[in-house]
Amino acid sequence: MIHVVLYQPEIPANTGNIMRTCAAFNCRLHLIEPLGFYLDEKHLRRAGMDYLLQVDYTVHHDWNSFMKDRDGAFYFVTRYGNRVPSSFDYRQDDAQGKDIYLVFGKESTGIDKEILYEHLDHCIRIPMIAEARSLNLSNCVALCVYEVLDQLGYPGLSRVETIKGEDFLIQEHKAGQNR
């Protein structure tokens, strides 16, 4: 299981987008308080759309209550990381039956530095130009979740279009030629 952990997120639109990503990729979402917004449909519906009811999420009072009795492989996405997302072998964690936790910090200041210091060997930096401080939080989540899913072979995810049909483009093209 892949878990996305948002440490004290501040922007409701980012969290809504991340909820949609978690729903689409079948990830569990953890929100660590305090949150910078109200967690209700009115504040999140625009970004989360109709996925809000499909996402599996839990709100935790603080970092310590989140970590209590939690086991797995933890990765911390931060501008201070020294390794890129693809430098870790998530298949090894999966083979050992470990849940994978991708931890992301609040938009203004990131993950608490004391937490990062305890996990220096699992700090990830998404490569970008030197002048860029950061990417949008929801984009970071999508990039990192996708890297894990790619290594794991996209378990449980559809590789074909199921709403309009696997051969929709071919049928649409043929229908256009017959007009």
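Is Cys27 buried or exposed, and what is its relative accessible area? In this predicted model, Cys27 is buried, its relative accessible area being 4%.

**View 1. Surroundings of Cys27 and Cys22.** The cysteine sulfur closest to that of Cys27 belongs to Cys22 and lies 5.1 Å away, which is too far for a bond.

**View 2. Surroundings of Cys140 and Cys144.** Cys140 is likewise buried, with a relative accessible area of 10%. For the sulfur of Cys140, the closest cysteine sulfur is that of Cys144, at a distance of 6.6 Å, and this too is too far for a bond.

**View 3. The largest nonpolar core.** This core comprises 33 residues, and those with the most contacts inside it are Val4, Leu6, Ile18, Leu29, Tyr75, Leu102 and Phe104. At least two of its residues are supplied by each of strand 1 (2-7), helix 1 (12-25), strand 2 (28-32), strand 4 (73-77), strand 5 (100-104) and helix 6 (137-152). Helix 6 provides the largest share of this core, namely 7 residues.

**View 4. Contacts of Val4.** When neighbours within four places in sequence are left aside, the residues in contact with Val4 include Ile18, Cys22, Cys27, Arg28, Leu29 and His30, and also Leu102, Phe104, Val141 and Val145.

Note on methods. Residues numbered from 1 in each chain as written. Predicted model: local features only at pLDDT ≥ 70, side-chain atom pairs only at ≥ 80, totals over all residues. Heavy atoms only, no water. Disulfide = S-S within 2.5 Å. Buried < 20%, exposed > 50% of the residue type's maximum accessible area, 1.4 Å probe, protein only. Core = buried A, V, L, I, M, F, W, Y, C linked by side-chain atoms within 4.5 Å. Helix = DSSP H or I, 4+ residues; strand = E, 2+ residues; numbered from the N terminus. Contact = heavy atoms within 4.5 Å.
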